Amino acid sequence: MIEIMDLSKRYGKFTALDSLNLNIEKGSVFGFVGQNGAGKSTTFSILATLLAPTSGSAYVNGYDVQKDSKLVRKQIGYMPDFFGVYDQLKADEYLHFYGASYGIPFAEREKLIPQLLDLVNLSNKRESYVDLLSRGMKQRLCLARCLIHDPEVLILDEPASGLDPRARVEMREILKELKSMGKTILISSHILPELAEMCDTIGIIDQGKLVAQGSVADIQSQLRGERLIIVKVHGSSEKAVSFFEDDPNIFKLALLEDGASFQFIYKGTAEEQTELLKRAILNNLAITSFAEAETDLEDVFMEITKGVELT
Amino acid sequence: MKNLVVNPVLNKEFKLRFRSFKSYLGVLFYLLALGLIIVGFIFIESLSNNMQGFFKPDQSRTMFMVLSILQLGLILFITPGLTAGVISSERERQTLNIMLTTTQSSSSIILSKLISSISYLILLIAASLPLYSFVFLFGGISPGQLLTTMGFYLFTILVYGSLGVLFSTLIRKTIVSMVTTYGVTLFLAGGTAFLTLIFMQLTNAYGYSGTQPTNPLAYFPAMLNPVIILMSTFEPEMTNEITRSTGIEFPLWISYLISYTLIFIGAILLSIKKLRPNMKKG
């Protein structure tokens, strides 16, 4: 659905985007993670036909963003990280304006707008002036605007930034709904755990380069080659601890507060991990749970981008 | 044409313009200013006729000229203010990017922005028409002259408006765009008149050798000056003087039409080209 090949953007000597390669499947949700100035918004702007790349190519649904920019605009719904609204325009008129901008006839817009407002939980704000809405409501209205021409791809640049926790949850629920509708969503955010929950794939971008891509677990193992395992035993954990301590792939073993659980970092392969569990069972250890801990995406992100000085 | 009539940007701009109370205040103050000047002119002229309170038809013609020049001055003053922020203010308000990701063409956006902003000026001029009826009340002016003046205004507004739109597209900050547009307007309306005078004076200074000296240089700033062109429609002698002085017999107003049409086309085409990034692969 979205294909990016060797995409670069330079401003004089500054490289905002450095040979970015990316492939996003139809119907998937791709999360773009990176520090401020890493190149996320530059990538989104190029895909939204707002910025010409210095070199490389990008395709949306098979259309080249440079050669077929008008066709690309039909395919995408773009929500920038910062956007304004018109004073003295009502929510209904706001959506009518953008609907008309996509050439949607008035009668069709009249049917569409209530549905979209319902989707973003703003039905009761149809006659409200846009500039009087709260930030969260404006974000949701902007999302409704993105959907007015039923695009296949949504490019959402930090849609949850500046929102309070409740508004974030509402936004997340709407995005889940859109995902279930089969939209391909490209989203950037600093709220990493939320991305982990929502996205099929995550790309970490740093200084214009994609440094990691895959599921959260993939990225972690790809970059660290290690997993955090939590083991729970029935009764005393002493015997189990001494068994696991002897394994050369196990590091930083630590007992947890409940006394029956402990955790360690495992650096072996998946096959070795399976063998370890088999041996533990054969040694009559009363293991009730042996599981990889949920990945802390913040930690992964910090580790990947650590020590990088932004220019 | 249908696209322009039902253009969403045009509709939105009209809606926003006339929802603002400031727009109505603008019309009020514009008419008040013009009305005060007309009444003041009649009052002063009546007093100057040996305090007899008469107002002669030839004075009515003078009043029409004063009113027309004044209205041109107001147009040249207001047009940059209305047009020099049409694109840059959208950029500053962070609404431009969203508009540019819609399927509207750049030409549609630029033209509808221009039309919506100058239509307010056209409203001002149309609203001032009843004031011109004072002139007809006293005689001395033909309806044809009035129509010519209105056509001249419309054309001039379009050209200066297109310059405002151009600078608004090229320059990111509205304030800088405004200053630039006012600067160019000042040059075209005042600077060219000054240059014309200088060149004509230079011609006269070396004009003692017997034959009538000519200097074609004065023609070019004169053909760009809207005040000179408007005056020449009232006073044909002025055109004759420029023809004598420059040696160029080609009608000044046609040169004005041609040069300003070229400026208009150039400004609009450049605005359309520069609104969106050049996405063509090199």
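This is a predicted model: local features need pLDDT of at least 70, side-chain atom pairs count only at pLDDT 80 or more; totals for chains, interfaces and linings use all residues.

Residues are numbered from 1 along each chain as its sequence is written, chains are lettered from A and ligands numbered from 1 in the order in which they are written, and side-chain values use heavy atoms, with hydrogens and water left out.

**The contact between the chains**

Select chain A and chain B together. Their contact involves 36 residues from chain A and 25 residues from chain B (contact means heavy atoms within 4.5 Å). About 2700 Å² is buried between them, with carbon and sulfur atoms giving 61%; buried area is the accessible area (1.4 Å probe) that two parts lose on being put together, summed over both.

Next, select Arg19(B) and Glu93(A). These residues form a salt bridge, and their closest N and O atoms are 2.5 Å apart (a side-chain nitrogen of Lys or Arg within 4 Å of a carboxyl oxygen of Asp or Glu). The count of salt bridges between chain B and chain A is one.

**The nonpolar patch**

Now select helix α3 of chain B, residues 21–48, which supplies six residues, the largest share of the nonpolar patch (helices are DSSP runs of H or I, at least four residues, numbered from the N terminus). Leu28(B) lies in this helix. Is Leu28(B) buried or partly exposed? Leu28(B) is partly exposed, as its relative accessible area is 45% (partly exposed lies between buried, under 20%, and exposed, over 50%, with a 1.4 Å probe and protein chains only).

Technical notes
Helices (H or I, at least four residues) and strands (E, at least two) are DSSP runs, numbered from the N terminus.
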